Amino acid sequence: MACRYIVLVNAPNFPDSSEATAYDMQFARLGLSRCVLLGRSKIYFSTDTPLSPLANGSVVIGHLFARTGAALQDALDPAAHKPIEALRSAVLKHCWGDYLLLHESKETGRLSIFRDLSGGIPCVYRVDNAAAFITSDISLATASGLYTRQVDWEFIAHCLSFPTHKAQRSGLAGISELPPGCTMTLDGAQASVTSDWNPWRFVAHDARYDDQATAARSIRDAVTSVVRTWIDTDGSSLVELSGGLDSSIVAVSTQGTDSHVVLSSLKTPIPGTDERIYAQQVADQLQLPLDVLDLGLEAATVNPAPPANSVAPRMGVLQHAVSDLLAAAGEHHRVNSHLSGAGGDTVFCYLSSASPAVDALRTKGLLAWTRTVNDLATLHNCTFWRAGGLSLKKVRSARAPLLRPDLSFVDPSRVALTPERHPWFDVPQDTLPGDRERVVGLAGTQIFRDITPRCGGRPVRMPLLSQPVMEAALRTPTWMWFAGGRNRAVARDAFADVLPARVLERRSKGTFAGYLGAIYQRNRSEIRTLLMSGHLREHLLLDVHALERVLSEDAPPRDQQYLRILSLCMVESWLRHQD
């Protein structure tokens with residue numbers, strides 16, 4: 001099962017022992033039957049949540065692995081008894097995993113929590129004078145009386161205009177989320193957050209790979225090592241195989257393990273989503289059966305109940321519809337975890353702009369620019385002059401905003417026009433434009449943990465978002481990813497000998513746009529009722545006239561406007577379930 005825990009700060013300082021005992025009993029009823037002390041704090045956790053002490057008194061929640069495959073204590077031994085800052089640095093350099101690193105200073109009493117880069121362990125918290133807690137699941141705090149749900153309407157206004165952006169604020173008043181790769185330090189009633197892992201370090205000139213072969217080997221080594229470690233750790237996994245490049249790479253990386261692996265793919269009654277022809281080729285090569293799950297239109301609803309641990313309206317119509325299917329498949333095959341190729345497009349630098357040519361020009365000169373422009377022209381099926389002109393335009397233009405708000409169907413006077421600051425948005429002055437774009441994209445992948453189907457409580461491993469893979473990918477210059485007019489070229493080269501030819505060479509991507517369009521048409525009347533009589537309208541956040549105009553049309557909305565309308569439904573649904 002997924003990690004479940006709650007940390008009560010200064011827990012031993014209850015007014016009397018009966019109150020402490022009451023919390024022990026209460027959390028035990030909620031499935032947190034184990035507890036340990038960390039200085040003045042108390043950690044309650046479930047029996048299937050890994051928790052390990054380190055030599056300096058720190059505690060690790062989750063899974064922490066040494067990169068070399070050595071024993072963890074051996075990898076960290078040089079820093080074992082040094083200050084927490086040195087240990088944290090050693091963990092980042094020599095380890096990876098889905099984990100939290102907690103430490104309380106004996107000298108100062110400060111509590112620090114570091115969350116790993118992949119964000120695999122949820123971590124939300126509230127800090128005030130009355131009740132400070134850190135937890136994986138806000139419902140643990142609400143069920144125990146530590147917190148009462150209350151919507152943060154400023155966050156909702158921000159979420160409407162920047163739906164894929166997240167930093168620290170949540171949709172619940174007083175509840176914050178610790179960003180991946182960051183440390184929260186709690187000193188009394190004061191909390192501060194600092195960034196410990198910086199993506200800009202890995203795109204710096206002295207960190208880049210010089211040749212594509214080296215980059216491909218590093219990508220393959222990182223992906224294969226991470227996937228096999230997760231498979232061996234969990235014992236059995238269901239691989240969510242779409243037939244696309246990214247999920248296929250995850251699937252073929254399971255070769256060589258003795259653990260139980262199941263492949264699963266989705267099909268719908270709408271053309272354009274059935275990718276079984278590609279998924280089956282991967283299954284045949286691995287000599288594993290492919291479990292094809294039928295995702296019918298009746299599986300989707302525009303007013304679903306959000307997960308109990310949700311602190312923001314992130315899960316969409318598709319994710320809610322898929323959730324029960326994957327949960328049932330995992331139960332049927334008796335697996336302990338799910339493996340997903342989530343984030344692969346972004347990690348493997350699937351940029352749609354001409355920025356890689358600019359990066360090549362500024363780094364390698366005119367010949368490299370010419371070659372990259374030609375690669376981009378081939379990829380996008382346009383002329384060399386068109387691709388070159390767009391790249392030169394980027395050279396001359398000023399820096400564009402990191403993120404642009406989506407103001408469709410909302411009142412621009414009431415929603416946010418600038419995004420909340422993200423730890424990775426402090427862009428160094430000499431950063432290449434392509435690197436800038438992909439780091440912003442990587443920040444956007446942090447919502448994947450929120451939108452992932454629940455899978456019956458089993459953990460969902462996202463190896464392509466692990467620290468070793470992300471670092472290897474960032475060290476690979478943007479122009480290398482488009483060599484030969486292929487997107488994600490380095491990843492293709494890295495796994496060329498183990499991927500089926502049709503998967504390796506395919507350029508198209510499956511899409512659920514048609515499925516979601518059918519859901520929109522099928523539920524148009526309910527959508528109108530939901531949005532026109534809901535919390536978003538009551539708080540004057542919607543452009544009611546624009547919405548009514550589109551909802552009253554018989555034909556499907558133009559330019560995939562229905563996707564935006566469905567996302568508004570998910571926000572409204574989340575709000576209604578907070579009452």
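The model is predicted, so to speak of local features we need pLDDT of at least 70, side-chain atom pairs count only at pLDDT 80 or more, and totals for chains, interfaces and linings use all residues. Residues are numbered from 1 along each chain as its sequence is written, and side-chain values use heavy atoms, with hydrogens and water left out.

I start with the sheets. Helices (H or I, at least four residues) and strands (E, at least two) are DSSP runs, numbered from the N terminus. Two strands pair if DSSP finds at least two bridges between them.

Touching here is contact, that is, heavy atoms within 4.5 Å.

Now look at β13. Three bridges join β13 (residues 236-240) to β16 (residues 337-339), and the two run parallel. Val239 has Leu339 as its bridge partner in β16. Towards β14 there are five bridges, again parallel, and Glu240 stands opposite Ser264 there.

Is β13 buried or exposed? Buried means under 20% relative accessible area, exposed over 50%, and partly exposed in between, with a 1.4 Å probe and protein chains only. Five of the five residues of β13 are buried, so the strand is largely enclosed by the rest of the structure. Ser236, Leu238 and Glu240 point one way, while Ser237 and Val239 point the other way.

The other sheet to show is also open, with six strands in the order β2-β3-β1-β9-β8-β10 and antiparallel pairing. Its edge strands, β2 (34-38) and β10 (176-177), each pair on one side only. Inside the order, β1 (residues 5-8) and β9 (residues 133-135) pair over three bridges. Ile6 of this pair stands opposite Thr135 in β9.

Next, a helix. In α11 (residues 355-364), the residues Ser355, Pro356, Ala357, Val358, Asp359 and Ala360 are buried. Their cover includes α12 (366-380), α13 (384-396) and α14 (433-444). Just after α11, Gly365 takes a positive phi of about 100°.

Two loop residues come next. Thr476 lies in the loop between α16 (467-475) and α17 (489-494). What does Thr476 touch, leaving aside its neighbours within four places in sequence? Its contacts are Tyr209, Ala215, Ile219, Arg438, Trp481 and Val490. Thr476 is buried, with a relative accessible area of 0%.

Leu541 sits in the loop between α21 (535-538) and α22 (544-551). At 5% relative accessibility, Leu541 also counts as buried. Leaving aside neighbours within four places in sequence, its contacts include Trp153, Leu160, Val410 and Arg414. Leu541 and Ser413 are 128 residues apart along the chain, and their C-alpha atoms are separated by 8.6 Å.

On a 1 Å grid over the protein atoms alone, a cavity is a set of points where a 1.4 Å probe fits but cannot get out; a pocket is an open set with protein on both sides within 12 Å along at least five of seven lines; lining residues have an atom within 4 Å of a point. Grid points are joined across faces, edges and corners, and a volume is the space filled by probe spheres set on the points.

How many cavities of 30 Å³ or more are found? There are two.
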